[in-house]
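Morning, everyone. Please have a look at the model on the screen before I start.

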Amino acid sequence: MVEEGGKPVIMVAVDDSSHSNYALEWTLDYFCAPFAPNYPFKLMLIHARPSLIPFAGPGSPDTVALAVQEMERKKKAEKVTDKAVEICSKRSVNDVAVQVMDGDPRNVMTEAVDKFHPAILVLGSHGYGAIKRAVLGSVSDYCAHHCSCTVMIVKKPKSKH
């Protein structure tokens with residue numbers, strides 16, 4: 001995506017994991033710091049909010065339970081995006097676009113790439129082994145194979161305990 005100022009977009013996927021925060025910090029350190037304060041791109045944060053799960057029961061869905069679930073989803077998304085914006089702010093990057101989209105993270109990331117046309121999508125890696133990846137699925141693997149832009153997977157170094 002090219003903004004009005006002709007800047008390409010760097011999109012960073014954010015969630016509530018330390019791996020996501022590390023990927024954002026890495027992006028800020030390596031893409032933003034060298035150019036501060038005149039960034040040659042637009043930074044966009046994308047968060048995949050889980051879809052609403054309707055409660056099954058006799059008759060119509062429990063509207064109170066649905067409203068509570070929706071409120072919790074909004075709070076969690078706000079918490080995630082506020083923390084990400086705060087991480088950017090601490091590194092003096094204040095011009096950040098934030099998008100929250102509903103759905104499975106794999107689908108959200110590919111849809112966001114199709115919608116906003118970033119030059120690069122940056123994702124954190126949870127560092128799962130082959131078996132866990134096969135069972136749980138890997139958002140970063142999926143995006144690397146299905147997104148129509150460059151995908152950078154940032155792996156958090158293992159702590160030395």
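First, the ground rules. This is a predicted model: local features need pLDDT of at least 70, side-chain atom pairs count only at pLDDT 80 or more, and totals for chains, interfaces and linings use all residues. Residues are numbered from 1 along each chain as its sequence is written, and side-chain values use heavy atoms, with hydrogens and water left out.

Now the cores. A nonpolar core here is a set of buried Ala, Val, Leu, Ile, Met, Phe, Trp, Tyr and Cys residues joined through side-chain atoms within 4.5 Å. Buried means under 20% relative accessible area, exposed over 50%, partly exposed in between, with a 1.4 Å probe and protein chains only. The largest core has 20 residues. Those touching the most other members are Val12, Leu24, Leu28, Leu43, Leu45, Cys88 and Val93. At least two residues of this core come from each of β1 (9-13), α1 (18-32), β2 (42-49), α2 (63-90) and β4 (120-125). Helices (H or I, at least four residues) and strands (E, at least two) are DSSP runs, numbered from the N terminus. Another core, of 18 residues, lies apart from it; Val9, Met11, Met109 and Val113 are among its members.

What does α1 pack against? Its buried residues pack against β1, β2, α2, β4 and β5 (150-155), contact being heavy atoms within 4.5 Å. Those buried residues include Leu24, Thr27 and Leu28.

Next, salt bridges: a side-chain nitrogen of Lys or Arg within 4 Å of a carboxyl oxygen of Asp or Glu. The count is 10. Lys76 and Asp16 pair at 3.4 Å, N to O. Lys76 lies in helix α2 and Asp16 in the loop between β1 and α1, so this pair ties together parts 60 residues apart in sequence. Lys76 is partly exposed at 44%; Asp16 is exposed at 54%.

Arg49 and Asp102 meet at 2.7 Å, N to O. Arg49 sits in strand β2 and Asp102 in strand β3, so parts 53 residues apart in sequence are tied together. Arg49 is buried, at 12%, whereas Asp102 is partly exposed, at 41%.

Last, the surface. Val64, Val68 and Met71 make a nonpolar patch of about 270 Å². Val64 is in helix α2 and is exposed, at 57% relative accessible area. Patch residues have over 30% relative accessible area and no salt bridge; like charges are joined within 9 Å, nonpolar side chains (Val, Leu, Ile, Met, Phe, Trp, Tyr) within 5 Å. Accessible areas use the Shrake-Rupley method with a 1.4 Å probe; for residues, only the protein chains shown count as cover.
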